[in-house]
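Here's a fold to walk through piece by piece. Have the viewer open and follow along.

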Amino acid sequence: MAALAAYTFWGVLKIQTPTNGPSVKSEGRAGTALLIIDVQKDFTKDVGSRKWDPDYLRSRIEQINALGAQARRDNWPIIVIRQVYEGWYTNLLVRLLGGGLGAKGSDGLQLDPRITVAPDLDLEKSLSDAFGEQALSEYLKARQIDHLVLTGLDGNACVKNTAIGAINRGYRVELYDPAILAQNQKAWKLQKEALQEMGAAVSWDLVENEAEARVEKDSA
């Protein structure tokens with residue numbers, strides 16, 4: 001039992017720990033990409049123990065769609081990231097303790113149908129940090145991306161850990177707050193402050209923010 005408990009703890013820790021990787025700061029990148037994290041049918045339910053307030057959920061999805069439309073206008077790659085747990089034991093625990101949300105074979109692994117933007121990359125991840133999938137780094141490198149705009153859920157879990165994974169690699173990270181969902185708002189407020197201390201930006205009006213970014217690029 002002790003060995004099983006230790007293995008379980010190690011597995012959970014691995015899933016929840018942000019990753020590290022080579023720095024991108026010296027590569028001369030200048031592009032922007034939009035990341036939509038875990039906005040899957042499994043995680044956007046408005047019923048059950050993990051339900052969202054319908055108005056809150058609707059407003060966040062509307063903001064993601066609006067941001068997706070801007071990304072299309074500005075030719076940013078749009079990357080949809082979906083949680084799909086790997087390993088029989090992890091999936092067993094998810095089914096027993098997590099209602100099966102994100103488990104292989106779940107009916108809710110696909111993007112929430114209320115998201116109207118079509119992705120340029122649809123990436124499955126098994127860890128909370130999307131940079132645990134090498135394909136993400138390879139895609140961003142091929143398109144010379146250094147600025148990541150993060151949206152999705154949950155702000156206190158996969159959004160936070162993906163942000164830290166990106167910061168660890170030297171990306172410019174922007175958290176577009178109106179398009180991020182968090183079950184625990186008090187914790188999310190603290191997480192935002194901690195991420196800002198690590199170098200991330202938090203924005204509430206992306207159009208204004210992007211205009212400022214363009215001025216900075218033009219003057220550089």
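Is helix H5 mostly covered or mostly uncovered? Mostly covered: ten of its eleven residues are buried, where buried means under 20% relative accessible area, exposed means over 50%, and partly exposed falls in between (1.4 Å probe, protein chains only). Among the buried ones are Cys 158, Lys 160, Asn 161 and Ile 167.

Before going further, some ground rules: this is a predicted model, in which local features need pLDDT of at least 70 and side-chain atom pairs count only at pLDDT 80 or more, while totals for chains, interfaces and linings use all residues. Residues are numbered from 1 along each chain as its sequence is written, and side-chain values use heavy atoms, leaving out hydrogens and water.

Now zoom out. The protein chain has seven helices and six strands, taken as DSSP runs numbered from the N terminus (helices are H or I, at least four residues; strands are E, at least two). Along the sequence they follow the pattern α-β-α-β-α-β-α-β-α-β-α-β-α.

The six strands of the open sheet come in the order S3-S2-S1-S4-S5-S6, with parallel pairing; two strands pair if DSSP finds at least two bridges between them. At the edges sit S3 (121–125) and S6 (201–203), each pairing on one side only. Neighbouring strands are turned by 25° against each other on average, direction ignored. Further in, seven bridges join S1 (residues 31–37) to S4 (residues 145–153), and Gly 31 stands opposite Ile 145 in S4.

Back to H5 (residues 158–168), which lies across S1, S2, S3, S4 and S5 and runs at about 170° to S4. Axes here are lines fitted to C-alpha atoms, for helices over the stretch in contact, and angles run from 0 to 180 degrees between N-to-C directions. Helix H6 (residues 185–198) also packs on the sheet, touching S5 and S6, and its direction makes about 165° with that of S5.

How do the two helices meet? The axes of H5 and H6 come within 11 Å and cross at roughly 5°. Lys 160, Ala 163, Ile 164 and Ile 167 in H5 meet Gln 191, Leu 195 and Met 198 in H6, with contact meaning heavy atoms within 4.5 Å. After H5 comes Gly 170, with a positive phi near 90°.
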